[in-house]
Amino acid sequence: MTQSPRSQPELRIGSRGSPLALVQAREVQNRLDAARIDIKVIRTTGDVIQDRPLAEAGGKGLFAKEIEEALLAGTIDLAVHSAKDLPAFLPDGLMLSGFLPREDPRDAFISRKAPSLRDLPRGAVVGTSSPRRQALVKRLRPDVSVATLRGNVETRLRKLEGGDVDATILAVAGLKRLGLLSTATAILDPDEFLPAVGQGAIAVETRADDAGTRALIGFINDANTEAALTAERAFLAALDGSCRTPIGGHAIVHAESIHFRGVIVKPDGSEAFEAVRDGRIADAAKLGTEAGRELRERASADFFARM
């Protein structure tokens, strides 16, 4: 028998207020079978800080801090995040209860001065606030400069058009969700430009003791994305990764198997270490953890001290 609207749950979704964040929140909203779902916009510390890299202010967790506080306080029932914005460790009492099907995880190169990153003129300025992107740019093109470029997707594109920088790098997934993929000049090859952990995935966070909401999220959870993110986030945790550390990690699921590749890079791009693992989906967390530990053992203490 179909539930009446009165018996169906009312849910409150917490989300950042950027156009991309709201697109992602509405995607979760549309997938859930609940009579009334409200989206509560929450301004985070990461949104407020625009004058310096987040790594200097506390890391990528600043995009989730106030939303997670609202979740713990019970003023929202679930939080919708870009999975790549979440640190390796969540606050006590919270958990990731599901993921939507992953969008394209690659990065896009955007410029009006060159058809590709390799074709940028010497001394060109690439704007990005991501330590991973900055380090990978310097690794591929040590003769170009990198500059911090903050703001939402639309803001960064406006700054590029205004001549603040010669090029920028943005996630393909975000451009697609906003209908802006046509702005991309080239799609970067993951073999050279490994995506961030969680890139392209939408994560849903709940209270660990909220069995009812967790069950609802379970109905929309994508098992392949969950397996991939389990490996990637285990890798991040093994490295104690945050917004300060240039880390890339990406897992691909085929049937019952999973292929994982992870990389750590010095901020100046001068040195990098890579680890690869293949195994069963059931061992996703183990594979990611082993890859992270391998890189910790291979890299010198100085490598991490400079991160």
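**Close-up views of a predicted model**

Glu226 is partly exposed, at a relative accessible area of 34%; in these legends buried means under 20% relative accessible area, exposed over 50%, and partly exposed in between (1.4 Å probe, protein chains only). The model is predicted, so local features need pLDDT of at least 70 and side-chain atom pairs count only at pLDDT 80 or more, whereas totals for chains, interfaces and linings use all residues. Residues are numbered from 1 along each chain as its sequence is written, and side-chain values use heavy atoms, with hydrogens and water left out.

View 1. Glu226 is found in helix α8 (residues 223-238); helices (H or I, at least four residues) and strands (E, at least two) are DSSP runs, numbered from the N terminus. Leaving aside neighbours within four places in sequence, Glu226 is in contact (heavy atoms within 4.5 Å) with Phe99 and Asn221. The side chains of Glu226 and Asn221 make a polar contact at 2.9 Å; such a contact is a pair of N or O atoms within 3.5 Å, and within protein one must be able to donate a hydrogen and the other to accept it, while residues adjacent in sequence count only if both atoms are side-chain atoms.

**View 2. Strand β12 and its two partners.** Seven of the nine residues of strand β12 (residues 257-265) are buried, so this strand is largely enclosed by the rest of the structure. Strand β11 (residues 247-254) pairs with β12 in the antiparallel sense over eight bridges; two strands pair if DSSP finds at least two bridges between them. Ser257 in β12 is the bridge partner of His254, and in the hairpin of β11 and β12, with two residues between the strands, Ala255 takes a positive phi near 55°. Strand β13 (residues 272-280) runs antiparallel to β12 and is joined to it by nine bridges, with Val276 in β13 opposite Arg261. The hairpin of β12 and β13 has six residues between the strands, and Gly269 in the turn has a positive phi of about 75°.

**View 3. The largest nonpolar core.** This core has 30 residues, and those with the most contacts inside it are Phe235, Ile258, Ile264 and Leu295. A nonpolar core is a set of buried Ala, Val, Leu, Ile, Met, Phe, Trp, Tyr and Cys residues joined through side-chain atoms within 4.5 Å.
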